[in-house]
Amino acid sequence: MSPFAHFGIAYAVSGFLVGFVVGLTGTGGGSLMTPVLVLVFGVHPATAVGTDLLYAAITKACGAAVHHIGDTVAWRLVGLLALGSLPASLLTLLVLGRLHVENRELLSNVLSHILGAALLLTTLSLFLRRNIIALAHRLSLHRRPRAEAAATILLSALLGALVSATSVGAGAIGVTAMVLLYPHFPIKRIVGTDVAHAVPLTLTAGIGHLAIGTVNLSLLVSLLLGSLPGIALGSWIAPRAPERALRVFLAIMLALVGARLVIG
């Protein structure tokens with residue numbers, strides 16, 4: 001068996017394990033896949049991010065279709081989020097493209113540290129979810145539509161830049177941001193809207209990384225082959241597992257990986 005075949009199997013197994021965690025907890029896709037590629041397989045951070053973004057676009061498109069059928073997507077809000085995130089994504093890609101051409105080593109170091117910080121931010125959002133919901137109800141802007149729209153565009157722009165640079169944030173951080181702005185929405189509608197918004201965002205960012213040259217298509221196929229059955233199995237087990245324990249486990253794991261990337 002060739003070394004490539006060995007790596008293909010290893011990538012598929014990693015995809016299965018990450019997909020299983022995503023199906024089990026609802027979060028952790030980019031938060032786990034990109035660090036695994038960087039720390040375990042030694043993939044250049046830019047290539048790991050770009051490949052994971054296209055991977056996320058494909059898997060989240062399936063999820064968005066399911067949420068649309070279940071009528072749990074606020075499409076007007078998806079448009080508002082895209083108004084901030086997509087231009088920010090394109091601007092971030094321009095910067096990354098320049099760094100990739102001029103200084104790959106600098107790009108690697110910058111992305112590793114940003115990725116680590118994003119994982120620590122994701123950890124905080126998981127641990128502080130209840131506090132954030134309580135704060136959101138006190139600061140709710142839903143009776144001030146202009147302020148609500150402006151805050152949505154601003155936060156989605158920050159999210160677009162973060163996701164394009166690290167592939168992290170479209171799940172846990174995106175949901176947390178929407179809970180903060182739309183506490184009157186049922187959580188299933190927030191999750192459905194976040195998944196639907198992640199599709200154009202990750203697709204735009206992924207295509208941008210493909211144009212830059214930071215996507216490995218054979219790696220992408222291997223990850224998908226493993227992750228799709230992993231997500232299915234995790235989703236089947238999820239209703240039978242203790243959610244709080246799973247989230248604490250995921251948060252601790254992300255904190256350790258984030259610290260490892262920040263410290264270097």
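Modeller: On a 1 Å grid over the protein atoms alone, a cavity is a set of points where a 1.4 Å probe fits but cannot get out, while a pocket is an open set with protein on both sides within 12 Å along at least five of seven lines, and lining residues have an atom within 4 Å of a point. Grid points are joined across faces, edges and corners, and a volume is the space filled by probe spheres set on the points. With those terms, the second largest pocket holds about 210 Å³ of space.

Colleague: Before we go on, what kind of model is this, and how are residues numbered?

Modeller: This is a predicted model, in which local features need pLDDT of at least 70 and side-chain atom pairs count only at pLDDT 80 or more, whereas totals for chains, interfaces and linings use all residues. Residues are numbered from 1 along each chain as its sequence is written, and side-chain values use heavy atoms, with hydrogens and water left out.

Colleague: And what is the mean pLDDT of the chain?

Modeller: The mean is 82, with 88% of the residues at 70 or more; pLDDT is the predictor's confidence in each residue, from 0 to 100. Confidence is lowest in helix H6 (residues 129–138), where the mean is 71, and highest in helix H4 (residues 75–102), where it is 91. Where pLDDT is low, the predicted coordinates should not be read in detail.

Colleague: How many helices and strands does the chain have?

Modeller: The chain has eleven helices and zero strands, where helices (H or I, at least four residues) and strands (E, at least two) are DSSP runs, numbered from the N terminus.

Colleague: Back to that second largest pocket: which helix gives the most to its lining?

Modeller: H8 does, with four residues, and helix H5 (104–127) and helix H8 (172–181) each supply at least two. The lining includes Leu121, Leu124 and Ser125, as well as Ile173, Thr176 and Leu180. By type, the lining has eight nonpolar, two polar and no charged residues, counting Ala, Val, Leu, Ile, Met, Phe, Trp, Tyr, Cys and Pro as nonpolar, Asp, Glu, Lys and Arg as charged, and the others, Gly among them, as polar.

Colleague: How many cavities of 30 Å³ or more turn up?

Modeller: A search of the whole structure finds one, and the largest cavity has a volume of about 70 Å³. Helix H7 (145–166), H8 and helix H9 (187–212) each supply at least two residues of its lining, which includes Thr152, Met178, Asp194 and His197. That lining divides into six nonpolar, four polar and one charged.

Colleague: Changing topic, how much of the chain is buried?

Modeller: Buried residues make up 49% of the 264 residues, with buried meaning under 20% relative accessible area, exposed over 50%, and partly exposed in between (1.4 Å probe, protein chains only). The largest nonpolar core has 36 residues, and those with the most contacts inside it are Tyr11, Leu37, Leu119 and Leu223. Apart from that core lies another, of twelve residues, including Ala74 and Leu81. A nonpolar core here is a set of buried Ala, Val, Leu, Ile, Met, Phe, Trp, Tyr and Cys residues joined through side-chain atoms within 4.5 Å.

Colleague: What does leucine 37 touch, then?

Modeller: Leaving aside its neighbours within four places in sequence, leucine 37 is in contact (heavy atoms within 4.5 Å) with Tyr11, Gly42, Val43, Ala48, Leu219 and Leu223.

Colleague: And serine 222, is that buried or exposed?

Modeller: Serine 222 lies in helix H10 (residues 217–237) and counts as buried because its relative accessibility is 11%. Beyond its neighbours within four places in sequence, serine 222 is in contact with Gly8, Tyr11 and Ala12.

Colleague: Where is serine 14?

Modeller: Serine 14 is in helix H1 (residues 3–25), and it is buried, since its relative accessibility is 13%. Setting aside neighbours within four places in sequence, serine 14 is in contact with Val36 and Phe41.

Colleague: Last one: which loop holds aspartate 71?

Modeller: Aspartate 71 sits in the loop between helix H3 (45–69) and H4, with a positive phi of about 55° although it is not a glycine. Aspartate 71 counts as exposed because its relative accessibility is 57%. Serine 167, in the loop between H7 and H8, also has a positive phi, near 70°, but serine 167 is buried, with a relative accessible area of 8%.
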